[in-house]
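Reader: I would like to see how the terms used for a protein model follow from its numbers. Please take them one at a time.

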Amino acid sequence: MDTLNHKNLQRIYTHACSTYPEECCGFIFADGTVHHGVNIQSELNRRQPDIHARTAANGYTFSVADTLAMNRSFRSGNPVTIIYHSHPDVGAYFSREDENKALFMGKPAYPVAYLVVDVRNAQAKAAKLFQWNGKGFACIHEFHVNEENLTTHPRS
Ligand SMILES: [Zn+2]
């Protein structure tokens, strides 16, 4: 969980706010590096609306470069360990769409946990971390933005 320290959460929240009202997506490497991904969902929707019904307002698809970087990481000493994306104005739950994206033939497609950020009116409110438990993706940790601020600021 060290990779989800205050600084990294802030980086992710900033990203989530900057793409609002669209979803952001990205990932965190084992060494703690946060990679802001590019969500090409709206572009896919424009090109093939019949196949890609969702836009970036309610879906995410990583760019080809992001996908390559992530896949390459799994064969390196510094693999991606967390994939994050935001949910504008609907809450930080793991949707059926998220589950479909995370699974391949009923098994996790990637050896990662998933962080979903709850963004309301361009402000990050909370985030939930989901992990595969053998049957489904369960929330294993919840971050509240204010609590995070309180607990990580040094007391004087
Ligand atoms: Zn989602």
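Reader: What radius of gyration would a compact globule of 156 residues have, and what does the chain have?

Author: This is a predicted model. A compact globule with 156 residues would have a radius of gyration near 15 Å, and the chain has 15 Å, so the two agree. Along the principal axes, the C-alpha atoms fill a box of roughly 55 × 35 × 30 Å.

Reader: What secondary structure does the chain have, and in which pattern along the sequence?

Author: The chain has five helices and eight strands. Read along the sequence, they follow the pattern α-β-β-α-α-β-α-β-β-β-β-β-α.

Reader: What share of the residues in the chain is buried?

Author: Buried means under 20% relative accessible area, and 41% of the 156 residues are buried. Of the contacts with a separation of 6 or more, 61% are accounted for by residues 24 or more positions apart.

Reader: How do you know that the span of helix 1 agrees with its 14 residues?

Author: At 1.5 Å a residue, helix 1 (residues 6-19) should span 20 Å. Its end C-alpha atoms are 20 Å apart, so the span agrees.

Reader: Which residues of helix 1 are buried, and why are they said to line one face?

Author: The buried residues are Asn8, Leu9, Ile12, Tyr13, His15 and Ala16. Seen down the axis of helix 1, they fall within an arc of 160°, so they line one face of the helix. An α-helix has 3.6 residues a turn, so residues three or four places apart point the same way. On the face of helix 1 turned away from the buried side are the exposed residues Lys7, Thr14 and Ser18.

Reader: Are His87 and Asp98 buried or exposed?

Author: The cut-off for buried is under 20% relative accessible area. His87 has 3%, so His87 is buried. Asp98 has 4%, so Asp98 is buried as well.

Terms used: Residues are numbered from 1 along each chain as its sequence is written. This is a predicted model: local features need pLDDT of at least 70, side-chain atom pairs count only at pLDDT 80 or more; totals for chains, interfaces and linings use all residues. Side-chain values use heavy atoms; hydrogens and water are left out. Helices (H or I, at least four residues) and strands (E, at least two) are DSSP runs, numbered from the N terminus. The expected span of a helix is 1.5 Å times one less than its number of residues. Buried means under 20% relative accessible area, exposed over 50%, partly exposed in between (1.4 Å probe, protein chains only). The arc is that of the directions from the helix axis to the C-beta atoms. The radius of gyration is taken over C-alpha atoms; the globule rule is 2.2 Å times the number of residues to the power 0.38. Contact means heavy atoms within 4.5 Å.
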